[in-house]
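Subject: A structure for you to explore

Hi there,

Here is the structure I promised to pass on. Have a look around first, and then read my notes below.

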Amino acid sequence: MRPLVRNIFLLFGIAAIIVMVCSFDTADAMRRIQLSRAAAFLPLVIGVWVAVYALNARAFQIIVNTGADGKRLSFLHSYKLTVSGFAFSYTTPFGFGGGPYRVMELNAYIGLSRSMASVALYSMMHILSHFFFWATGIMLFIIFYFEKMTPWLWSVFGTFAVVLAVALFVFSLCYRKGVIVALYRGLLYIPLLKKYTRRFWDKNEENMRQVDRNIAYLHERPCAFWSSLLCEYLGRIVNSLEFFFILMAFGCKVNFADAILILAFSSFVGNVFFFFPMQMGAREGGLALIIKILGITAGGGLGIFAALYTRLRELFWVFVGVSLVKVGNRRLMT
């Protein structure tokens with residue numbers, strides 16, 4: 001990546017951190033919690049993400065290194081790209097910023113088409129692991145909270161099962177045949193865009209087809225495919241420790257299954273409203289709702305308290321990710 005572009009990412013990240021700090025309204029939450037107890041558990045909440053990002057980085061490393069040219073991305077450099085990439089995804093609408101950042105960093109080493117394919121593959125793997133994790137949450141809810149099941153919940157879970165089956169079928173097609181060409185072809189039929197998209201298509205058709213061939217390349221190697229997916233899924237399981245520690249800090253008597261349920265539901269709501277930067281407001285509402293459904297009580301403000309913890313954790317890791325933009329770029333791959 002050119003130094004100028006990297007500096008633009010850095011400046012954008014710094015601006016995003018300033019906006020995040022200025023937008024925090026923590027006064028009400030601070031009145032409701034014991035600061036000493038909150039401070040004791042905050043390092044654990046932040047530290048969970050050392051392991052989460054390690055699993056994410058391993059998944060990304062497997063994808064990037066599954067190539068025929070012999071280029072290899074080290075785990076430490078994959079970790080750097082993962083943390084920085086998620087930092088820019090957190091702070092941009094639709095999570096748009098992380099993907100282009102990774103593509104531009106990898107482009108000089110493995111070329112544009114393979115860089116785009118690697119980032120697209122990782123994004124697909126990241127999304128697919130969400131579906132498996134949400135399915136795990138549903139199964140745990142039925143096992144541990146069967147008495148709370150209502151006809152409405154059965155219908156919701158049944159609908160999700162259908163959506164999951166459709167999603168798996170669509171993902172299977174995308175992995176076997178690629179997805180870039182199919183998505184871009186759809187733009188050719190939009191009246192206001194087809195003139196410009198046709199011009200881009202005529203110029204870059206072969207490049208896009210090459211990206212799809214690189215995507216299909218991973219699917220032909222099941223060991224790499226399933227290893228990457230497993231790392232992403234385990235990352236979500238480990239991520240549940242964040243809410244386990246948060247609830248313990250608030251004095252709640254919960255088990256790890258409750259923490260998985262809370263993360264699964266809140267992440268589902270957050271992803272439904274993925275177009276909000278940092279999912280502002282959506283995740284807080286999801287947290288409050290699932291805590292109420294599970295019947296977890298520990299005084300008022302639990303949802304606000306949990307949201308405060310996650311925002312502080314995000315602020316810390318966004319700061320780390322933005323700081324890493326200027327570190328370790330001399331020899332990213334070998």
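**A kinked helix to start with**

Helix H9 has a kink of about 70°, centred on Asn204. The bend at a residue is the angle between two axes, one fitted to the seven residues ending there and one to the seven starting there. Please keep in mind that this is a predicted model, in which local features need pLDDT of at least 70 and side-chain atom pairs count only at pLDDT 80 or more, while totals for chains, interfaces and linings use all residues. Residues are numbered from 1 along each chain as its sequence is written, and side-chain values use heavy atoms, with hydrogens and water left out.

H9 covers residues 194–219, and its end C-alpha atoms are only 31 Å apart, short of the 38 Å that a straight helix of 26 residues would reach at 1.5 Å a residue. The expected span is 1.5 Å times one less than the number of residues. Asn204 is one of the buried residues of H9, which also include Trp201 and Met208. Buried means under 20% relative accessible area, exposed means over 50%, and partly exposed is in between (1.4 Å probe, protein chains only).

**The whole chain**

The chain has 13 helices and zero strands. Helices (H or I, at least four residues) and strands (E, at least two) are DSSP runs, numbered from the N terminus. Of the 334 residues, 50% count as buried.

**Helix H5**

How far apart are the end C-alpha atoms of H5? They are 18 Å apart, which agrees with the 18 Å that its 13 residues (98–110) should span at 1.5 Å a residue. H5 does bend, by about 25° at Met104. Among its buried residues are Tyr101, Arg102 and Leu106. Just after H5, Gly111 takes a positive phi of about 85°.

Arg102 is worth a close look. Its charged end sits over the ring of Phe60, 4.9 Å from the centre, and also over the ring of Phe86, 5.3 Å from the centre. For this, NZ of Lys or CZ of Arg must be within 6 Å of the ring centre and within 35 degrees of the ring normal.

**Aromatic rings**

Phe60 and Phe86 belong to one aromatic cluster with Trp49, Tyr53, Tyr122, Phe316 and Trp317. Rings of Phe, Tyr and Trp (its six-membered ring) pair if their centres lie within 6.5 Å; planes under 30 degrees apart count as stacked, over 60 as edge-to-face and the rest as tilted. The structure holds 18 aromatic pairs. Phe131 and Phe171 form an edge-to-face pair, 6.3 Å centre to centre with 70° between the planes. Phe131 lies in H6 (residues 112–144) and Phe171 in H7 (residues 151–177), so the pair ties together parts that are 40 residues apart in sequence. Both Phe131 and Phe171 are buried.

**A pocket**

The second largest pocket has a volume of about 460 Å³. Its lining has 18 residues, of which Ile138, Val156, Phe157, Phe265 and Phe268 lie nearest the centre. Which helix gives the most to this lining? H7 does, with six residues. On a 1 Å grid over the protein atoms alone, a pocket is an open set of points where a 1.4 Å probe fits, with protein on both sides within 12 Å along at least five of seven lines; lining residues have an atom within 4 Å of a point. Grid points are joined across faces, edges and corners, and the volume is the space filled by probe spheres set on the points.

Enjoy exploring!
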